[in-house]
Amino acid sequence: MTLQERITELQTRVKEMKASNLSEVEELRIKYLSKKGEVSELFNEFRTLSKEDKAVFGQAMNQLRQTAEARLNELKEVVGQAVSKAEVREDLTRTPDPIAIGTRHPLSLVREQIIDIFSRIGFTVAEGPEVEDDKHVFGLLNFAPEHPARDMQDTFFVEKEEGVQQPTDVLLRTHTSSVQTRVMTEAAERLRTGEQQSIRVLCPGRVYRNEAISARAHCFFHQVEGLYIARNVSFADLRQALLYFAKEMFGENTQIRLRPSYFPFTEPSAEMDISCHICGGKGCGFCKNTGWVEILGCGMVDPNVLEACGIDSKEFSGYAFGMGVERIANLKYRVKDLRLFSENDVRFLNQFVAC
Ligand code: PHE
């Protein structure tokens, strides 16, 4: 092999050097660049050449050494990175396995399940503020200004100025029907022009009522209310949607019963019971031997409400319903004391898994 051939051959080899860790890189350095390395040996020979030959091969020789050095540096960097990744994987300061992950709150689980069931029949979620005004919580919902029905839902009023108790129309919402009035007023114009054909929303959220805290009542709780407005909506549509919900939530054999009731914003109004899913309707302690348990309020949206929100009650009709998430959670999980839901005791919370 001529010197030129040897340079070329070595050049190819150093260009393609491979290593998977730092000690292999060091081995390669020794093999080629140490005093007795192949590249260095070639330089020893080079030094013995005549002036003319040195001029011919000098450049190729220098390039050979540079290529070898550059490739070794490159390899060092690549395997060096691999090493630091491996170190991260073995970080001894890391939290040990298994990492304790939290659980979903039972009320979130139930709320999500309610939303999921209704979303399958076209409902979408609408949200609104918890600190509301009188208009959206009562005024637009057919509560007359001095109507005793306002007392039905013991309201927390918000002081306008700190310490100054004056008549105020700012309050904590007592139901999420306030979101429905917002959705209706906002959609009214589009319904009128035909740009929108219907409203079909669920309004989940926290609500507040001035009640003494006990195992059965709290000053705040959670609701999911629903509203459907379109042309020719009937009570039969309401019943069918609720029957579907009850079966999805509590099982295929669940039956429903609608009892006449009163709400200012619906006419007719009803309360819905489901057949007690614990005793199957035979009668037990849970349903007080009636075979039925109440789960929600509902009715056909009162034409006065539609008109107040700017919707033509001769064109449109609708139904609404509202349920307490805690109530449904109680039925599903048989939690006897409502206070457990807000105490954040992990021994309680850890027991719930998504259904
Ligand atoms: N807003 C009522 C409540 O909070 C529930 C309800 C909603 C009843 C819609 C009828 C129709 O008690």
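This is a predicted model: local features need pLDDT of at least 70, side-chain atom pairs count only at pLDDT 80 or more; totals for chains, interfaces and linings use all residues.
View 1. Helix α10 spans residues 325-333, and its buried residues are Val325, Glu326, Ile328, Ala329, Asn330 and Leu331. Arg334 follows α10 and has a positive phi, near 55°.

View 2. An α-helix has 3.6 residues a turn, so residues three or four places apart point the same way. Arg192 is exposed, with a relative accessible area of 61%, whereas Glu189 is partly exposed at 46%.

**View 3. The salt bridge between Arg259 and Glu294.** The closest N and O atoms of Arg259 and Glu294 are 3.8 Å apart. This pair links distant parts of the chain, with Arg259 in strand β6 (residues 256-263) and Glu294 in strand β8, 35 residues apart. Arg259 is partly exposed at 27% relative accessibility; Glu294 is also partly exposed, with a relative accessible area of 35%.

**View 4. A salt-bridge network of Glu9, Arg13, Lys31 and Glu38.** Salt bridges that share partners join these four residues into one network. Within it, the side chains of Lys31 and Glu38 meet at 3.0 Å, N to O. Lys31 is partly exposed, with a relative accessible area of 40%, and Glu38 is partly exposed at 27%. The structure holds 18 salt bridges.

Conventions:
Residues are numbered from 1 along each chain as its sequence is written. Side-chain values use heavy atoms; hydrogens and water are left out. Buried means under 20% relative accessible area, exposed over 50%, partly exposed in between (1.4 Å probe, protein chains only). Helices (H or I, at least four residues) and strands (E, at least two) are DSSP runs, numbered from the N terminus.
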